[in-house]
Amino acid sequence: MSYNYFLGCVIPGRLPFLEASARKTFEKIGMKVGDQANCSCCPDPTGAAQLDHESFLALGARNLCLFEKSKSNVLSLCSGCTESLKTIKYILDNDNEKKEVINSKLKAIGMSYKGNIDIKHFAEVLYENIEKIKKMVKKPLKDLKVAGHPGCHYLRPSEIMNWDDPLNPQTLDKLIEIIGADPVDYNLKNDCCGNPVEKTDKEISLIMLENKLKSMKEAGTDCIAVICPACFQQFDFNQREINKRNNTDYNFPVFYITELIALAMGMNTEKLGLNFHRIKVNDVLQKIT
Amino acid sequence: MQMVEFEFRNELIKEDFSLNYCYQCGTCSSSCPVALVTEGEYNPRKIIEQSLLGLKDLLIKDQKPNIWLCCTCQMCVEECPQNVFLTEIFERIKNRIVSEGEPYPETFKTQAISVIENGLAIPLTQPIIRRREQLELPKVESADINEIKKLLEATDFKKKIKILEVSK
């Protein structure tokens, strides 16, 4: 079965350049990924999903019904969306009573959830195609020290996500390695970036971020690689905020892994929209050319 | 003084039976990044203890510890030796806070209103639409808002989260 993109909210509405790099990367490795019309918010596993379980299931199931109708699997560009959709599928596929309740709600819009499609995070699909990526590398990112941040919802809860090692993840670092860069081994690799806490307490969210940045710095990092738009925002938007508050000088460029892969494949930087990053990426571009 | 409410406890257990398995070892709190930076003020073990004891007011009215600080990183779930699905239980408690009309962080409500009105947590703006064109990205065909409205009416979402009139 082929894939359609599930874009979510943050990428199309705020960070479209991340989408550009993902589309170009999948094109380059010869994967045709379609577009799925009519999608809503996944819903956000850290936000609206916390307010009402039934609405969470119903909204997510509606999204899955759209893919079922298109006979297409989900290729998600966001870890939060991946976790929400995989969780909803897990619950509905394992709990008949809940599935019946949700299908009775979906009836109002003429839909019914069956459970016959699969959901994948884009980094999962990239990793499955790692040999193809390797063959396409034209400009290995030699000597570039990249701190990979796998994030939370790509991995956990492992019973639902069913991918990589939830406590000692490897796949992101393997992708960094295959494009010729050096994955940085740092202490807090598996910690949350702090983004979801911002809704409740910005201070705590920034302390969590600074702990990660400190750990990356100590390990000797040139730039950060992420695979989730919420993590991207936290790292790209809030380093300056931390510097303002604490008189520090964090200035790590932040990349989506597909941006780094695209660079290693020799793609045009302008078409990738790298100029839209808040933390300028010029130092990294110089280093790799 | 805190009242023990067995019914509340039993409802939580009915919603997620794994609550019963907790033996209060504290592995969850030692793996929690928010507990670490708040020096234990946010404490997942305590939330589970209070759930098992049926201390409803402490959890729902006083909101101590503040359950909205959970970063949903799922480390506690991963590390728990008893397979307690903590974040699922926390979600149910947050649902109760909301449906009983107790206060909760405004950002959650703002996001919910955006989903009700636009189908998306972050609606597309003109500058972003232009930027998408500049990047040669396809037009986003967002959700049919009437479908979203009908579906959320079927689940009684607005009523449950205490949004009576959504502004136009």
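I looked up the pairing of β5 and β7 in chain A first. Strand β5 (residues 145-149) of chain A pairs with strand β7 (residues 223-226) of chain A in the parallel sense, over four bridges. Pairing here requires at least two DSSP bridges between the strands; strands are DSSP runs of E with at least two residues, helices are runs of H or I with at least four, and both are numbered from the N terminus. I found A:Ala147 opposite A:Ile224 in β7(A).

The model is predicted: local features need pLDDT of at least 70 and side-chain atom pairs count only at pLDDT 80 or more, while totals for chains, interfaces and linings use all residues. Residues are numbered from 1 along each chain as its sequence is written, and chains are lettered from A and ligands numbered from 1 in the order in which they are written.

Next, the sheet. I noted an open, parallel sheet of four strands in chain A, ordered β6-β5-β7-β8. Because β6 (182-183) and β8 (254-256) of chain A are the edges, each with a single partner strand, one side of each has no neighbour in the sheet.

Then the helices on it. Helix α9 (residues 171-178) of chain A lies across β5, β6 and β7 of chain A, at about 155 degrees to β5(A). Angles run from 0 to 180 degrees between N-to-C directions, with axes fitted to C-alpha atoms, for helices over the stretch in contact. Helix α12 (residues 257-264) of chain A touches β5, β7 and β8 of chain A, and its direction makes about 80 degrees with that of β8(A).

Last, the interface. I have 52 residues of chain A in contact with 48 of chain B (C-beta atoms, placed from the backbone, within 7 Å). On the chain A side, α3(A) gives the largest share, six residues.

Methods
Contact = placed C-beta atoms within 7 Å.
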